[in-house]
Amino acid sequence: MNATGAQAPATKDPAAFTADEMMTACAARALHDGMTCFVGIGLPSAAANLARATHAPNLVLIYESGTIGAKPGRLPLSIGDGILAETADAVVSVPEIFNYWLQPGRIGVGFLGAAQIDKFGNINTTIVGSGYAEPAVRLPGAGGAPEIAASCREVIVVVRQSRRSFVDRVDFVTSVGFGDGAGARERLGLAGAGPRKVITDLGILEPDPVTCELTMTGLYPGVTVADVRAKTGWELAVSDSLKVLGPPTAAELTALRDLHGRAEEGAAAR
Amino acid sequence: MAEIVSLADAVARAVHDGDSVAMEGFTHLIPFAAGREVIRQRRRDLTLIRMTPDVIYDQLIGAGCASRLIFSWGGNPGVGSLHRFRDAVEHGWPGPLQLEEHSHAGMANRYVAGASGVPFAILRGYSGTGLEGLPGLDGQPAIRSVTCPFTGERLTAVAALNPDVAVIHAQRADRAGNVQLWGITGVQKEAVLSAQRSIATVEEIVDELRPEPGAIVLPSWVVDYVAAAPGGSHPSYALGYSARDNEYYQAWDAISRDRERFRRWLAEEVYGETGSLAGAGAGEGGCGP
């Protein structure tokens, strides 16, 4: 990796990229043209919009604000940014987006972030600490995520990896991945297949086909398994067919920086 | 029929100490001016209800207006934490805040049940989450299950929401008090129809409502008070009238992080205002000093 961290690289080398850019490019590659995608704000939104701007022009972006088929030319500033409504195929109410569109399993992939994630892909965005009533840290809460995680046909999670975010067991299950392991989703009656990929700033984890435990299947250039283990709060399993993933292409970097640049211009113009 | 009154009169007449109050607007059309008027009139012991208690409820919670909050996502959108909300939950400042917590799907369905005049809503939701075991404000489980009488399937049940007051911001009303809103319309229609009383603040009051694509009209006879509040959704936006003031949301992070700085903001920007809409105009930028 040429550079790490969230900030843009200091060097002018156009091929240099940040860990966040690598993560966003990888997440975008997990989306295919023509898919329907329920998008969370932040990293998932950047990746979904990058996919639309590059290899998946017909990706259908759906935001919980009720905008279906949004085609923003810059990154939206929130899930309710006016550009989503102005460019959407349809704008529906919030009850409708959850009841008619998400709940029956119409949407292909749910794209979520996380504050904490555990080895079975369960997500916590509610509290950090041992007790709900007296949390050490109060997080924003569930939003649309529990039902996105339950009802989309599959889920992709984008999250920066650290010992704080990658824990053996989440302090609170806000959204179910694979619960306590294989068979849990079926027992709970969850319609979707659950997390297909967890994409971090170090690489990609995928559920083991038998145990459902998240397993390292891909590393970014220059990242080692030891690096990843140092930032994982459980005994991380590594796939026998571990791959090194290709760096972001020039097209991906240009498109992503354009999306960010136009978002900043849009905000500054106001 | 809706009465057209000033914002101060609407709040004085519709919102009382101890009420349950739902101010809705899903990132768009958030009734910020009405929120500040509730703070200015020093309402206390409110049960605040809102899917996304973002900066508007951070202001009300920090000002000591609320004792209870029913919600599904409490953050500063695109920025981070709500510091006044966190201070209330983590440290009981300025007073304890009792929570009842849901998912968006659960909250949306609770409003639908309230608007529909039925006691609960069903959905496929919450299964396996920690939310399932949490108590409601009455100490009883807020999320329960129900068996379908036709198929025998178990589904999730959540209680109807019927707030004492709903407050929304819309683009327009006519002189008869019919209210028109468009763009992202969130859950405002359901909030108004589920509530005992309602206030709609509007960008402008016009002679005749022009049709707009995808617009909702709330007829005058389901709204109690209409008040003109141009720029009343600032720092959120009103499609066709104003743009989101992203800098305000960023500036709010620093103001709300510190109790003293927040107190100064309250004194200068809310209690010190001479007119009820000073500082509410779109595009002014920033949250004050």
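Q: Where does His83(B) lie?
A: His83(B) lies in helix H4 of chain B. Keep in mind that this is a predicted model.

Q: Is His83(B) buried or exposed?
A: His83(B) is buried, because its relative accessible area is 11% and the cut-off for buried is under 20%.

Q: What does His83(B) touch, apart from residues up to four places away in sequence?
A: His83(B) touches Asp58(B), Asp253(B), Ser256(B) and Arg257(B). With Asp253(B) there is also a polar contact between the side chains, at 2.8 Å.

Q: Why does Ser256(B) count as buried?
A: Ser256(B) counts as buried because its relative accessibility is 1%, and buried means under 20%.

Q: What is Ser256(B) in contact with, leaving aside its neighbours within four places?
A: Ser256(B) is in contact with Asp58(B), His83(B) and Arg84(B).

Q: New topic: salt bridges. How many are there over all chains?
A: A search of the whole structure finds 26 salt bridges. One of them pairs the side chains of Glu24(B) and Arg50(B), at 3.9 Å from N to O. That pair links distant parts of the chain: Glu24(B) is in the loop between strand S2 and helix H2 of chain B, and Arg50(B) is in strand S3 of chain B, 26 residues apart.

Q: Are Glu24(B) and Arg50(B) buried or exposed?
A: Glu24(B) is buried, with a relative accessible area of 0%. Arg50(B) is buried too, with a relative accessible area of 0%.

Q: Which other residue forms a salt bridge with Arg50(B)?
A: Asp54(B) does, with the closest N and O atoms 3.3 Å apart. Both Arg50(B) and Asp54(B) are buried.

Q: What about Arg210(B), buried or exposed?
A: Arg210(B) counts as exposed, at 52% relative accessibility, because the cut-off for exposed is over 50%. Its side chain meets that of Glu212(B) in a salt bridge of 3.6 Å, N to O. Glu212(B) is partly exposed, with a relative accessible area of 21%.

Q: Which residues are linked with Arg210(B) and Glu212(B) in a network of salt bridges?
A: Arg172(B) and Glu204(B) are linked with them in that network.

Q: Now the two chains. How many residues are in contact between chain B and chain A?
A: On the chain B side there are 44 residues, in contact with 41 residues of chain A. The area buried between the chains is about 3,300 Å², and carbon and sulfur atoms give 63% of it. His104(B), Ile184(B) and Arg244(B) supply 14% of the area that chain B buries against chain A, more than any other three residues.

Q: How many salt bridges and polar contacts does the rule find there?
A: The rule finds one salt bridge across that interface. Glu101(B) forms a salt bridge with Arg138(A), the closest N and O atoms being 2.6 Å apart. There are 17 residue pairs in polar contact between the two chains. On the side of chain B that touches chain A, helix H5 of chain B gives the most, with five residues. By class, that side divides into 20 nonpolar, 18 polar and six charged residues.

Q: Last one: how is chain A divided?
A: Chain A has domain 1 (1-107 + 249-262) and domain 2 (110-246). Their C-alpha centres lie 20 Å apart, and the domains bury about 2,100 Å² between them. One salt bridge is found across their interface. The side chains of Arg160(A) and Asp20(A) meet in a salt bridge, at 2.7 Å from N to O.

Definitions and conventions. Residues numbered from 1 in each chain as written. Chains lettered and ligands numbered in written order. Predicted model: local features only at pLDDT ≥ 70, side-chain atom pairs only at ≥ 80, totals over all residues. Heavy atoms only, no water. Domains from an automatic or database assignment. Buried area = accessible area lost by both parts, 1.4 Å probe. Salt bridge = Lys/Arg side-chain N within 4 Å of Asp/Glu carboxyl O. Contact = heavy atoms within 4.5 Å. Polar contact = N/O pair within 3.5 Å; in protein donor to acceptor, adjacent residues only side chain to side chain. Helix = DSSP H or I, 4+ residues; strand = E, 2+ residues; numbered from the N terminus. Nonpolar A, V, L, I, M, F, W, Y, C, P; charged D, E, K, R; others polar. Buried < 20%, exposed > 50% of the residue type's maximum accessible area, 1.4 Å probe, protein only.
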